[in-house]
Amino acid sequence: MGVDISELSPKLFYERKFSTSRVSYGIFEIFRDGMGHLAHLLLGDNQLSAIPYQALQPLRTLKTLDLSYNHINKMSPVTDAGANININFQLNLDTFKLDYNRLSVLETTSFQYFNVLNKTFLDGNPLTTIEDNAFRQAKIRELYIRSCGLTNISPGSFGGLENYLEKLDLSGNNISLLPKDVFQRFRGLRTLTLSRLIQPHIASEDFLEYGVDLEELSITYANLQSIKSNAFKYVHGLKHIDLSDNNIGTIENNAFKDMLLHCQLATIFYNHINFFLIVLVIGYSLEQLHLAHAFSSSVTSIPGDGIKVLNNLEYLDLSNNKFRIMEENSFHFLGKLRKLELQDNIIETIHKGTFQSDIHSNLEQIYLSFNTLKSISQHTFVHLPKLEQLHIDDNKLETLERRSFMNLERLKRLNLKGDFNAKTGETKADSHLRSVVGQYGTRVRNERVEMVMVRNGNKLATISYEAFQNLPELEHLDMSYNKIEKFDFNILDQVGTLAMFHLNVSHNVLNKLVLNMPSTFVNDIGSGGYHSNIQVLDMSFNNISMIAKKFFRPAEISLTNLYLSHNRIINATRDVFGNMPHLQWLDLSSNHIYEMDFDMFRNTKKLQVLDVSHNRITDIPNDIFRFLANLRMVDISNNRIRALPDNLFREEGLEKLDLSSNLLSKMPLNSLAIPAAQTLCELDLSWNLISSLSHGGLLERFK
């Protein structure tokens, strides 16, 4: 049931009763108690046609007032003809939301009944005019007038806010030209956001009249095409530049030279840029530069010369462009770089020496996802002392050479995820292209096809021995959706030794898991044998039909979670799963298992979750769960079980048992010993052949 409010009585918050004409039941009951403490009043999405000033007078502690999505068309109070307006107070709010109403004109002194307004939102109103001194008497710190259709701003529109306004966002309007002196007296203005200006370039003279204290400036959707040399020398305090959604084709030499003293962040993505806005004097403090979606398609090389002067840069975003070439010295002058984003380009090669330990000693994150890299050469990523995340997923990788990743002692996440689906034999990009062609017919737009075809993901088939060397703190290695046919624990002998290591090789083409290690390891785990530290291993969605005896021996003592679902495994034996002392979760669902050894978990005593659903199991051995005191959840659904042995579950602690979609003809209550029955919370016997619920009193054990 909704409430349709069209007005608020002036006595609403005085008399503790609701008296509006459009509400059919006592909504005032919501406000009846604690009115002296009411801090947040949300009246958005109603039918108010005016701001209810008089009704709000008693709310002296109000901090948030939301009147968005109503029908308010003017700021002045509305009263009956001949009535006197008696408003002797001013509202003080942290947040005032008046967005998406019907305001077309902000008249002079429209905000006379407001004192302090930390944040004011007028977005989405059909504003055509902001009269001079419209905001006078209000102390507004942040003002948002986005997507209102404004075409011009007069020099006096923001009169009265000179000493208070810190942030002004005019983006999404159609303002083609700003008066040069409109912000000249706004000494406190720190952030200015504009869009859809008309100039095709940014030059130093564009900022002659801007306050030297401006810290953040954004100009988006302005069709900017170039940034001139020394463009920012008059904007001394700029720290954040956003030129996203433009079409920059040229950045002249020394374009950012004058930004080095104070600027901390510059954003230039989605560019088609045209009027420029920003930044500082000579020095060395630019910390963040965003150039995502910034360059025209004709720019195919990373502009190393343009950014090399920014030697204090910590964050650089060059993503979503058309860069194909990355020179070896592209980032050799960025010694303080911590995060580098290069994803969504078409980079083909990473040269050895692009990233160097003596230069990039602070580098923590590198994103190279969605490019066209075909291989990682020896010593490409080596001796980067602070590198923690490296993302090379969804490229065209087929091989990893020896020592591709070496001596990365802080690396925690390495993403080599591909895009190949072993079940269908196609990439996700191929699948998407097929759906696009199906939707749009044979005349698919060229850019759609180009976009899809360039996104063929990794197809790793060969991982050289010692491709991963000395990665002791690695926590996540993702090699899923590739074409890996064989898996050898030896390639990970120096990986994750000091971490909780998670390895994902799901969605590959693994077939037979064959032991490939020295005989000394098999015979004597304590003398010369290789120990992996893998705790979570995901091999689901492969074509595994056979697992050799003791295949998991290198990881037996560390494994806690093992996922083998959606394969073609036939037998579940002690030789494979019977000696994992710390294993807690085992998923063997959606295989071809028809039999499980009675001592399958002989020394796997800490198992908590077992999923063998969607197999071909006909019988469960009587002692298979004996001594599994930690078992909590068992899923044996969608098999061919006709009966379960008595006292199959002996230990207390069992919480969930799923036996659905089998061939049971009676309730298997004898299978649950009293300790197990007393802790069971969920028993699923649906989709069986049970015709009677007769239990002979056995249900008493579930009390």
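This is a predicted model: local features need pLDDT of at least 70, side-chain atom pairs count only at pLDDT 80 or more; totals for chains, interfaces and linings use all residues.
Strands (E, at least two residues) are DSSP runs numbered from the N terminus, and two of them pair if DSSP finds at least two bridges between them. Strand E25 (residues 399–400) runs parallel to E30 and is joined to E30 by 2 bridges. Within E30, isoleucine 463 stands opposite leucine 400.

Residues are numbered from 1 along each chain as its sequence is written. Local features require pLDDT of at least 70 and side-chain atom pairs pLDDT 80 or more, while totals for chains, interfaces and linings use all residues, and side-chain values use heavy atoms, without hydrogens and water.

Asparagine 371 is placed in the loop between strand E21 (365–367) and E22. Its relative accessibility is 0%, and asparagine 371 therefore counts as buried (under 20% relative accessible area; exposed is over 50%, partly exposed in between; 1.4 Å probe, protein chains only). A polar atom of the asparagine 371 side chain lies 3.1 Å from the backbone oxygen of leucine 342. Beyond neighbours within four places in sequence, the contacts of asparagine 371 (heavy atoms within 4.5 Å) include Leu342, Asp344, Ile347, Asp394 and Lys396.

The count of disulfides (pairs of cysteine sulfur atoms within 2.5 Å) is 0. Cysteine 148 is buried at 6% relative accessibility, whereas cysteine 681 is exposed at 68%.

Methods. Helices (H or I, at least four residues) and strands (E, at least two) are DSSP runs, numbered from the N terminus. A polar contact is a pair of N or O atoms within 3.5 Å; within protein, one must be able to donate a hydrogen and the other to accept it, and residues adjacent in sequence count only if both atoms are side-chain atoms.
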